[in-house]
Amino acid sequence: MFKLYGSIENDDVIEFEGQSYDMDMSFDNVLHVIDILSDTEEDDLFKIQITICLLLDWGMDDLEHYPFDVQWQLFEQLMDHLNMVGGDADDAEGAGQQVMDYTQDAEAIYASFFYAYKLDLFEEQGRLHYKKFVALLQHLHKDTAFKEIVGYRTMKIPTEKEASKDYIKHLRKMKRLYKLKSKDTDTASEAEARDERLSAIGARFKSKKRREDT
């Protein structure tokens, strides 16, 4: 939840096995994590480990001190924190429908932030908090490039009784131009399948550990 008191950064601490760990929640770091978790070509075990390293600013060698079942628990806790931070711009824009892609729309997002807020996102890397980034992204002015693109994607094509043929032709052209170059499956299905794969990995190691403990 976004609050206008206290410090956003103070919330980015997790307690794990009696120790406190600061999370790197800068927008560019979180977008890197989102990109990795969405990559269907990456090994799921690698996704888990690199996510931990990115969010806690660890090296892969730091993970050698922990068995995988502990790594999994840490990963789950980090994911819970990300979900608690929330503010998924994709869902906010399209009510659960995919209407944007951080990679495909990167140029438009950059230009829109610079136009609307005079913020150079490259200069803000490592500084701008992800929660602030999402709040600014969601509330960009409708005249910015990013909002125009999302508007074309979500706009329904009117009938010939509702609009001229030229306007309908133009709208269809814009929809083709800005169509998301994603896979055939929708984002919700992909995310669900990804979560199931990751959960299956965790379940296997939990089951293995129970057998070892008995």
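1. Start with Glu 17, which is exposed at a relative accessible area of 53%. This is a predicted model, so the cut-off matters for a value like that: exposed means over 50%. Glu 17 sits in the loop between strand S1 (13–16) and strand S2 (19–22). Most residues other than glycine have a negative phi, hence the flag.

2. You'll find Lys 118 in the loop between H5 and H6. Is Lys 118 buried or exposed? Lys 118 counts as exposed, at 62% relative accessibility.

3. Now the aromatics. The count comes to 10 aromatic pairs. One of them is Phe 113 with Phe 133, a stacked pair with 5.3 Å centre to centre and 20° between the planes. It counts as stacked because the planes are under 30 degrees apart. This pair links distant parts of the chain: Phe 113 belongs to helix H5 (residues 106–117) and Phe 133 to helix H6 (residues 130–138), 20 residues apart.

4. How accessible are those two rings' residues? Phe 113 is buried, with a relative accessible area of 0%, and Phe 133 is buried as well, at 1%.

5. Last, have a look at the wider group in the viewer. Phe 113 and Phe 133 belong to one aromatic cluster that also takes in Phe 27, Tyr 102 and Tyr 117.

How values were computed
Residues numbered from 1 in each chain as written. Predicted model: local features only at pLDDT ≥ 70, side-chain atom pairs only at ≥ 80, totals over all residues. Heavy atoms only, no water. Phe/Tyr/Trp six-rings, centres within 6.5 Å; stacked < 30°, edge-to-face > 60°. Helix = DSSP H or I, 4+ residues; strand = E, 2+ residues; numbered from the N terminus. Buried < 20%, exposed > 50% of the residue type's maximum accessible area, 1.4 Å probe, protein only.
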